[in-house]
Amino acid sequence: MSGPQFEVVRTSRDAGKAKVSVLALRGQLDAETFPGLQGELEEVLDGAAEPKVVLDCADLEYISSAGLGVLSKMTKEFRDKSGDLRLCALPEKIASVVSLLGFDQVIQVFPHADDAVQSFA
């Protein structure tokens, strides 16, 4: 029996003079799969003076408290390096949880990846 499926695909986009890493998330982000996302975020964090990341959640099916916890922790680490982390294209079910828990007050949420990328310009 295999565990939950989760995939992260990283691309790079320009927002004015800023380089923005866009991480497309696919599948279920939970206690078993969040280390994969955390590893990708740490690579971006270690590789940029002012790391900027957009998490494209259009194909994210589920996020657990462990997944939300890693987003909160990594947002703080990005901001400590004068960078930031943004979310976009949240499926309705996930957007409701993010809003209910107040994460949209801590992490900026955008309807589309283009909007989130350009917010770094």
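1. A residue is called buried when its relative accessible area is under 20%, exposed when over 50%, and partly exposed in between (1.4 Å probe, protein chains only). Cysteine 57 has 3% relative accessibility and therefore counts as buried. Cysteine 88, at 0%, counts as buried as well. Of the 121 residues of the protein chain, 41% are buried.

2. The model is predicted: local features need pLDDT of at least 70, side-chain atom pairs count only at pLDDT 80 or more, and totals for chains, interfaces and linings use all residues. Residues are numbered from 1 along each chain as its sequence is written, and side-chain values use heavy atoms, with hydrogens and water left out.

3. The whole structure contains 0 disulfides, a disulfide being a pair of cysteine sulfur atoms within 2.5 Å. For cysteine 57, the nearest cysteine sulfur belongs to cysteine 88 and lies 6.5 Å away.

4. The protein chain has 4 helices and 5 strands, in the sequence order β-β-α-β-α-β-α-β-α. Helices (H or I, at least four residues) and strands (E, at least two) are DSSP runs, numbered from the N terminus.

5. The C-alpha trace spans about 45 × 25 × 25 Å along its principal axes.

6. Among contacts in the protein chain with a separation of 6 or more, 69% join residues 24 or more positions apart; contact means heavy atoms within 4.5 Å.
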